[in-house]
Amino acid sequence: MTLPKTPSMKLSGKRALVTGASSGIGQGCAVALAEAGAHVVCSARGLERLDATVAEMTALGWSAEALALDVSDLEAIQGVLTEQAPFDIVVNAAGYAKHGPAFDTAPEDFDAVMNINLRGAYFLSAWAAKSMQDAGIEGSIIHISSQMGHVGGIDRAVYCASKFGLEGMVKAMAIEWGKSRIRINTICPTFIRTPLTEPTFADPARVAWIEEKIKLGRTGTVEDIMGAVLYLASPASSLVTGSSMLIDGGWTAD
């Protein structure tokens, strides 16, 4: 009898692009991939915090570099994906939220959310996948979505619209690129404590609502996401595409 072999989660020799990598979930994703052996191109709109992130990563002996990139700038995204060597892994952790009642939504706020969360994500995926296909790479594209791509939320009509759209987009792209062995999936966190979410956690009433909805009784940390992104980036998930990994503490269970 020959026992099955556990798939490797090592990423040695792989190239990865991580957007939104200067802090929070994106930073955690970059660390997880670099620690597993990938060369990680860490991107974000501003270089100050990004350079500090990369400096810490390289000081630990990991392979990383910084790249200023705005996901809403389609010309810049196309340039990165056509001028650089192809990526084996693309993790899109860039995101934007403008919460408030639907009655109060300004068109410019709607457009700002969609330009990053959906429009940028769409073309980043398409151009990354085309580069992978042309190079014969069986790659993995991972979007940081949200539990709000599966349920509604208070004052989150625009954000939910962008994330529900992202979930549908990923399923359609998975069908289209499956024959090329290019996988695309989402990670859907609950409320994670990051610099971006601090205003939410500063509101006691909102924290009480959040904790009531999370069945495991606690909010999330960046570390809760890191294992998921490593799994989806690695050969361990080679039969997973068009899927959503809900890391929500049971929020969407009912």
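Buried means under 20% relative accessible area, exposed means over 50%, and partly exposed sits in between (1.4 Å probe, protein chains only). These views show a predicted model, where local features need pLDDT of at least 70, side-chain atom pairs count only at pLDDT 80 or more, and totals for chains, interfaces and linings use all residues. Residues are numbered from 1 along each chain as its sequence is written, and side-chain values use heavy atoms, with hydrogens and water left out.

View 1. With a disulfide taken as a pair of cysteine sulfur atoms within 2.5 Å, the count is zero.

View 2. A salt bridge here is a side-chain nitrogen of Lys or Arg within 4 Å of a carboxyl oxygen of Asp or Glu, and the structure holds three. D134 pairs with K130, with the closest N and O atoms 2.8 Å apart. Both sit in helix 4, four residues apart, or about one turn of the helix. (Helices are DSSP runs of H or I, at least four residues, and strands are runs of E, at least two, numbered from the N terminus.) D134 is exposed at 55%, while K130 is partly exposed at 44%.

**View 3. A salt bridge between distant parts of the chain.** D254 and K215 meet at 3.5 Å, N to O. D254 lies in the segment after strand 7 (244–247) and K215 in the loop between helix 7 (204–213) and helix 8 (223–233), 39 residues apart. D254 is exposed at 69%, and K215 is partly exposed at 42%.

**View 4. R218 and D224.** These side chains form a salt bridge at 3.0 Å, N to O. R218 is partly exposed at 45%, as is D224 at 27%.

**View 5. Around the centre of the largest pocket.** A pocket is an open set of points on a 1 Å grid over the protein atoms alone, where a 1.4 Å probe fits, with protein on both sides within 12 Å along at least five of seven lines; lining residues have an atom within 4 Å of a point. This one is lined by 44 residues, with A93, G95, Y96, T194 and L196 nearest its centre. Helix 1 gives the most to the lining, with three residues.
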